[in-house]
Amino acid sequence: MSIAYGHQMIAWADRYFLYWFKGGDNPRSSKVYGSEHASRERVGWLRHLLAWGIGSLFLLAMIWWIGDTERTAAFSNLIRVWGIILGIDFIISFSYSLWPRKMPVEKLK
């Protein structure tokens with residue numbers, strides 16, 4: 001998770017720290033729409049894929065190291081469930097490429 005999301009999480013924390021304690025801009029007011037939002041969603045999914053790949057490699061290495069499928073069933077199930085979640089995230093993230101998020105009517109005025 002740190003490899004895939006580390007920089008992004010630190011930047012998020014910095015923005016909110018500036019807002020809460022230093023009187024900076026509200027991070028919630030900088031929402032994006034249209035193709036820019038779709039692009040961010042796709043990049044987010046690729047980060048999720050990277051985290052899943054690294055995590056799965058570590059879990060597979062532990063499964064191999066232990067060598068007992070009964071004792072490592074929880075690891076195998078975790079890879080499978082996380083893979084299902086990754087698939088759902090793919091559908092949601094890439095759906096914004098087909099149906100982009102539209103700007104609310106009150107912001108158009």
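**Exercise 1. Identify which residues ring pairs link into a cluster with Trp12, and classify the pair of Trp45 and Phe90.**

Ring pairs link Trp12, Tyr16 and Trp20 into a cluster, where rings of Phe, Tyr and Trp (its six-membered ring) pair if their centres lie within 6.5 Å. The model is predicted, so local features need pLDDT of at least 70 and side-chain atom pairs count only at pLDDT 80 or more, whereas totals for chains, interfaces and linings use all residues. Residues are numbered from 1 along each chain as its sequence is written, and side-chain values use heavy atoms, with hydrogens and water left out.

By this rule the count comes to 7 aromatic pairs. For Trp45 and Phe90, the ring centres are 5.1 Å apart and the planes stand at 70°, so the pair is edge-to-face (planes over 60 degrees apart; under 30 is stacked, the rest tilted). This pair links distant parts of the chain, with Trp45 in helix 2 and Phe90 in helix 3 (residues 73-98), 45 residues apart; helices here are DSSP runs (H or I, at least four residues) numbered from the N terminus.

**Exercise 2. Decide whether Trp45 is buried or exposed, and do likewise for Phe90.**

Trp45 has a relative accessible area of 12%, so Trp45 is buried (under 20%; exposed is over 50%, partly exposed in between, with a 1.4 Å probe and protein chains only). Phe90, at 38% relative accessibility, counts as partly exposed.

Note on methods
Helix = DSSP H or I, 4+ residues; strand = E, 2+ residues; numbered from the N terminus.
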